[in-house]
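Here is a short report on how chains pair up and how one of them is built. Look at the structure first, then read on.

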Number of protein chains: 6
Amino acid sequence: MNAGSTAQTIRNRLRHCDLPCGIYDPEQARIEAESCYKTIEKYNSSSDEHFRARAILVKEERAELAKHHIDVLWSDYFKPEHVQKHPEITELAGTPRSRPRR
Amino acid sequence: MNAGSTAQTIRNRLRHCDLPCGIYDPEQARIEAESCYKTIEKYNSSSDEHFRARAILVKEERAELAKHHIDVLWSDYFKPEHVQKHPEITELAGTPRSRPRR
Amino acid sequence: MNAGSTAQTIRNRLRHCDLPCGIYDPEQARIEAESCYKTIEKYNSSSDEHFRARAILVKEERAELAKHHIDVLWSDYFKPEHVQKHPEITELAGTPRSRPRR
Amino acid sequence: MNAGSTAQTIRNRLRHCDLPCGIYDPEQARIEAESCYKTIEKYNSSSDEHFRARAILVKEERAELAKHHIDVLWSDYFKPEHVQKHPEITELAGTPRSRPRR
Amino acid sequence: MNAGSTAQTIRNRLRHCDLPCGIYDPEQARIEAESCYKTIEKYNSSSDEHFRARAILVKEERAELAKHHIDVLWSDYFKPEHVQKHPEITELAGTPRSRPRR
Amino acid sequence: MNAGSTAQTIRNRLRHCDLPCGIYDPEQARIEAESCYKTIEKYNSSSDEHFRARAILVKEERAELAKHHIDVLWSDYFKPEHVQKHPEITELAGTPRSRPRR
């Protein structure tokens, strides 16, 4: 599979991988992000080894879901006119442009 | 949670959600994309209702994995210098800029 | 494991399985339910075999998530005073009491 | 979506979300619950940080599965006559009625 | 990573990836296999396109779980003396030896 | 379900559970195994409790994926002639024959 067909593959995925159902709601990411915050607070205020390990588990899982919901908005919802009007979207969604060089 | 704290949340996720282990390999996305292609070929050359339904299941699952691997590369791997050198990355990864208006 | 210890097991699960983070939001179930509705509409208005199969996949997945979010509310959030004030919760959550005999 | 349509949504989910295949077996919950117990025992008898962290991971995962299997029995299997004959089911399944006020 | 280190990797996975909790129960595979059978029966006796698509979904998911439970028994439970006493295990678990040439 | 029908069940699963798409690539297992190694290195060189807990989470998840990819190769790809030519496959894949008695 050469570079050209890979490009084709990636373009195709945009057309066939999501139905899409058309429902996009930032509440999903917001709820998971709040769950992370609460979990971190509970982690910080506990000294129980078992509880703290569970809090990290829950927080990581919720953070994955928050990332997933943001990725869906970024990949499927935002259109060029959104980015023009709210250029901070590009930075918020964690694109290459917004990352410090490592 | 106001807009400022949401922005903070989203920035934070970049720092705390991935270890990261540092292993990024485009083979993962390539393998799943090839699996999609093969599955679509088998779907097209079968007339068995059961087989075709299973092919769609497998193809959708593999397409999700391909998307996931591309999202990881996009969100965690590429740095500004990659995008400068290969500006087609932005289009290939399915960003708002590359989507036709709906 | 006798009946007594099974009862103990089940009671224990209430104490140890959820952190809990304390975030409960009916929006999660509402969003997935709306996604089901939209997907069913799109299924009904399409005659493409492939699209229809994908719509069923998406709808089933979303319905599972809606059920999951309702189960969490039912199992972890509602307290006796909620049920006293809104007795319809018991029926809505799909408890044995609300099921017709099969 | 108003309260009426939400109620309708939730009622609908009872009809369309499970096939159901008709196989219900309490062994599934029992096996996962036993796995939790064994894992907790091994956690308690080890002083290795890495092993203990892994035990918590395994135990949480197994507890989730135990909860899932109990939720399926509760939501899909038990009928009013079961609850009449074994009223302790309601308490065991962790319903609002059985939870202490928080 | 050369062949030697790959072999080492694979050997290591035997030591570090499972706790193990020590609970192995063939009921898990048996229940999922029965669920597949019942689902196939229901698929065969229905002429509703939507129901049939859902039956395939459920059957595939359950078959995956049956395979998973058999893989766990095969990879983690059976010891050389089991295979000596019941040589059919090797065939039943779907090893290379039991597959017809393709 | 007697032993005979269980055998039949297990044989059936070989025929109906995978499409298969025909794509098998050892890179998938290799990438996950490398990720485990890197993660273990990072775990060993950090003294941060939170980071170490996250490293264990990531490593376990990646090890599960490595195991899954090896299981797929073992169950679906290797044919008798592979095992004849490379008898070490049987040992590497973690079969009963390769396990020390417990």
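This is a predicted model: local features need pLDDT of at least 70, side-chain atom pairs count only at pLDDT 80 or more; totals for chains, interfaces and linings use all residues.

## Around the axis

What does the axis do? Two copies of a chain are related by a rotation about an axis and a shift along it.

## Where chains B and F meet

How many residues of chain B are in contact with chain F? There are 16, and they are in contact with 16 residues of chain F. Two helices of chain B, H2 (27-44) and H3 (49-77), each supply at least two residues of the side that touches chain F. H2(B) gives the largest share of that side, with eight residues.

Now sort the side of chain B that touches chain F by class. Six of its residues are nonpolar and six are charged. Four are polar.

## Inside chain A

Chain A has five helices and zero strands. Read from the N terminus, its elements run α-α-α-α-α.

Chain A has 102 residues, and 36% of them are buried. Now take the contacts in chain A with a separation of 6 or more. Of these, 46% join residues 24 or more positions apart.

Notes. Residues are numbered from 1 along each chain as its sequence is written. Chains are lettered from A and ligands numbered from 1 in the order in which they are written. Two residues are in contact if their C-beta atoms, placed from the backbone, lie within 7 Å. Helices (H or I, at least four residues) and strands (E, at least two) are DSSP runs, numbered from the N terminus. Ala, Val, Leu, Ile, Met, Phe, Trp, Tyr, Cys and Pro count as nonpolar, Asp, Glu, Lys and Arg as charged, and the others, Gly among them, as polar. A residue is buried if 20 or more other C-beta atoms lie within 10 Å of its own, exposed if 12 or fewer, and partly exposed in between; C-beta atoms are placed from the backbone.
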